[in-house]
Amino acid sequence: MNKFDQENPVICFCARVRLNDIKSAVESGCTSYRELEKRLGCGASCGSCVREIEDLIDRFTQE
Ligand code: FES
């Protein structure tokens with residue numbers, strides 16, 4: 001894993017959505033998983049990342 005991947009890991013492998021994509025979307029007003037799914041397409045395929053995305057929304061909305 002290179003430095004970029006460590007700092008900005010892929011969260012949703014199906015949609016190739018990374019941590020910073022989720023952070024930016026939350027900062028620009030997405031506060032629920034459904035809104036993120038609509039905007040980024042994350043979680044819409046296998047769904048295995050949904051729990052992690054919800055945890056990240058909680059984390060970034062508290063920052
Ligand atoms: S890893 Fe996110 S939908 Fe499959």
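Author: A residue is buried if 20 or more other C-beta atoms lie within 10 Å of its own, and exposed if 12 or fewer do. The model discussed here is predicted.

Reader: What is the phi of Arg-16?

Author: Most residues other than glycine have a negative phi. Arg-16 is not a glycine, yet its phi is positive, at about 55 degrees.

Reader: Which residues is Val-17 in contact with, leaving aside its neighbours within four places in sequence?

Author: Val-17 is among the residues with the most contacts inside the largest nonpolar core, which has 13 residues. With neighbours within four places in sequence set aside, the contacts of Val-17 are Ile-11, Cys-12, Ile-22, Leu-40 and Cys-42.

Reader: Which element gives the largest share of this core?

Author: Two or more residues of the core come from each of strand E1 (10–12), H2, helix H3 (33–40) and H4. The largest share is 3 residues, and the element that gives it is H2.

Reader: How are H2 and H4 oriented to each other?

Author: Two packed helices are described by the angle between their axes and the distance between the axes. For helix H2 (residues 19–27) and helix H4 (residues 50–62), the axes come within 10 Å and cross at roughly 50 degrees. The crossing is right-handed. Angles from 65 to 115 degrees count as roughly perpendicular and those under 35 as roughly parallel, and H2 and H4 are therefore oblique.

Reader: How many nonpolar residues are there in the contact of H2 with H4?

Author: From H2, Ile-22, Lys-23, Val-26 and Glu-27 take part, and they meet Ile-53, Leu-56, Ile-57, Phe-60 and Thr-61 in H4. Of these residues, 2 are charged and 1 is polar, while the number of nonpolar residues is 6.

Reader: What separation is found between the C-alpha atoms of Glu-63 and Val-50?

Author: Glu-63 lies in the segment after H4. It counts as exposed because it has 7 C-beta neighbours inside 10 Å. Glu-63 and Val-50 are 13 residues apart along the chain, and their C-alpha atoms are separated by 20 Å.

Notes. Residues are numbered from 1 along each chain as its sequence is written. This is a predicted model: local features need pLDDT of at least 70, side-chain atom pairs count only at pLDDT 80 or more; totals for chains, interfaces and linings use all residues. Axes are lines fitted to C-alpha atoms, for helices over the stretch in contact, and angles run from 0 to 180 degrees between N-to-C directions. Helices (H or I, at least four residues) and strands (E, at least two) are DSSP runs, numbered from the N terminus. Angles under 35 degrees count as roughly parallel, over 145 as roughly antiparallel, 65 to 115 as roughly perpendicular and the rest as oblique. A crossing is left-handed if the near helix is turned anticlockwise from the far one by less than a right angle, and right-handed if clockwise. Two residues are in contact if their C-beta atoms, placed from the backbone, lie within 7 Å. Ala, Val, Leu, Ile, Met, Phe, Trp, Tyr, Cys and Pro count as nonpolar, Asp, Glu, Lys and Arg as charged, and the others, Gly among them, as polar. A nonpolar core is a set of buried Ala, Val, Leu, Ile, Met, Phe, Trp, Tyr and Cys residues joined through C-beta atoms within 7 Å.
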